Amino acid sequence: MSLKLYAMPNTCALAPHIALEWINKPYELKLLKRGQHREPEYLQINPKGKVPAIVLDDGRILTEAAAILVYLAEQFPEANLGNTNDPYERYQLDELLAYMTSEVHADYAPHFAPQRFIDDESQHNALRQATYKRLHEHYTSLNERLEGKKHPVGIRRTVADPYLYVLTRWIDQTPLGINNYPNLKRFRDQMSSDTGVLRAVATQGIPL
Ligand SMILES: N[C@@H](CCC(=O)N[C@@H](CS)C(=O)NCC(=O)O)C(=O)O
């Protein structure tokens with residue numbers, strides 16, 4: 001049995017999808033349509049009703065994008081996606097994955113689903129504007145991190161790259177604009193010409 005990744009187009013599940021392309025071993029992709037993630041069949045896979053989830057070779061399941069990315073880096077060391085030969089860089093990778101999931105991704109929640117925070121629709125725009133301020137701070141810091149560097153951790157690609165790529169794509173859905181973060185733009189352009197990224201994006205049927 002091969003790994004089976006559950007994803008929805010243009011979500012954070014694109015990150016493990018790209019990592020699987022880079023690993024270049026057979027895997028199965030279950031691309032859910034929006035809404036299917038809340039149906040009983042998928043809730044048996046991930047009761048949280050979120051993507052990504054991955055079914056492992058032995059049938060066990062892992063959820064949470066960061067955990068799945070670390071799993072892939074560790075299970076496929078030959079793909080060199082974990083910076084395992086420098087322990088400090090390995091911890092920096094954990095640090096960045098934690099930051100991107102718990103801070104940046106989390107601050108997208110008021111943008112994607114303001115109704116989860118405030119019932120009153122008339123306040124949704126104010127909530128979104130507040131979260132764009134926070135996202136601007138995150139993108140400023142991520143942009144600085146990439147100054148003079150091709151990759152966010154160390155000198156070669158890791159599983160942090162596809163996660164950062166997803167976050168640079170989501171900027172387009174906000175008023176912030178990728179051009180305001182030149183290093184992030186350069187990074188995104190670089191990822192956009194990668195064959196694994198191109199394959200994953202084409203499979204998900206989303207624009208570059
Ligand atoms: N903490 C989870 C968050 C996953 C998450 O929020 N996934 C989004 C897509 S990026 C989702 O499935 N949203 C559907 C929903 O909330 O209804 C992780 O990092 O994997």
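Q: How far does a polar side-chain atom of His-37 lie from an oxygen atom of the ligand?
A: A polar contact is a pair of N or O atoms within 3.5 Å; within protein, one atom must be able to donate a hydrogen and the other to accept it, and residues adjacent in sequence count only if both atoms are side-chain atoms. Here, a polar side-chain atom of His-37 lies 2.9 Å from an oxygen atom of the ligand. Before going on, note that this is a predicted model, in which local features need pLDDT of at least 70 and side-chain atom pairs count only at pLDDT 80 or more, while totals for chains, interfaces and linings use all residues. Residues are numbered from 1 along each chain as its sequence is written, and side-chain values use heavy atoms, with hydrogens and water left out.

Q: Which residues around the ligand come nearest?
A: A residue is near a molecule if one of its heavy atoms lies within 4 Å of it. There are 13 residues around the ligand, of which His-37, Arg-38, Val-51, Glu-64 and Ala-65 come nearest. A backbone N or O atom of Val-51 is 2.8 Å from a nitrogen atom of the ligand, and a backbone N or O atom of Ala-65 is 2.8 Å from an oxygen atom of the ligand.

Q: What kind of peptide bond joins Val-51 and Pro-52?
A: The bond is cis, with omega about 5 degrees. Pro-52 is placed in the loop between α2 (40-45) and β3 (53-55), where helices (H or I, at least four residues) and strands (E, at least two) are DSSP runs numbered from the N terminus.

Q: How is the protein chain divided into domains?
A: The bounds come from an automatic or database domain assignment, which gives domain 1 (3-80 + 198-204) and domain 2 (87-194). Their C-alpha centres lie 20 Å apart, and the contact (heavy atoms within 4.5 Å) takes 19 residues from domain 1 and 22 residues from domain 2.

Q: What area is buried between domain 1 and domain 2?
A: The size of an interface is often given as the accessible area lost when the parts come together. With a 1.4 Å probe and the loss summed over both parts, the area buried between domain 1 and domain 2 is about 1,700 Å², of which carbon and sulfur atoms give 60%.

Q: How many salt bridges does the rule find across the interface of domain 1 and domain 2?
A: Side chains of opposite charge can pair when their charged atoms come close. The rule asks for a side-chain nitrogen of Lys or Arg within 4 Å of a carboxyl oxygen of Asp or Glu, and across this interface it finds 1 salt bridge. Glu-74 also forms a salt bridge with Arg-90, with the closest N and O atoms 2.6 Å apart.

Q: Which parts does the salt bridge of Glu-21 with Arg-199 tie together?
A: The closest N and O atoms of Glu-21 and Arg-199 are 2.5 Å apart. Because Glu-21 lies in helix α1 and Arg-199 in helix α9, the pair ties together parts that are 178 residues apart in sequence.

Note on methods:
Buried area is the accessible area (1.4 Å probe) that two parts lose on being put together, summed over both.
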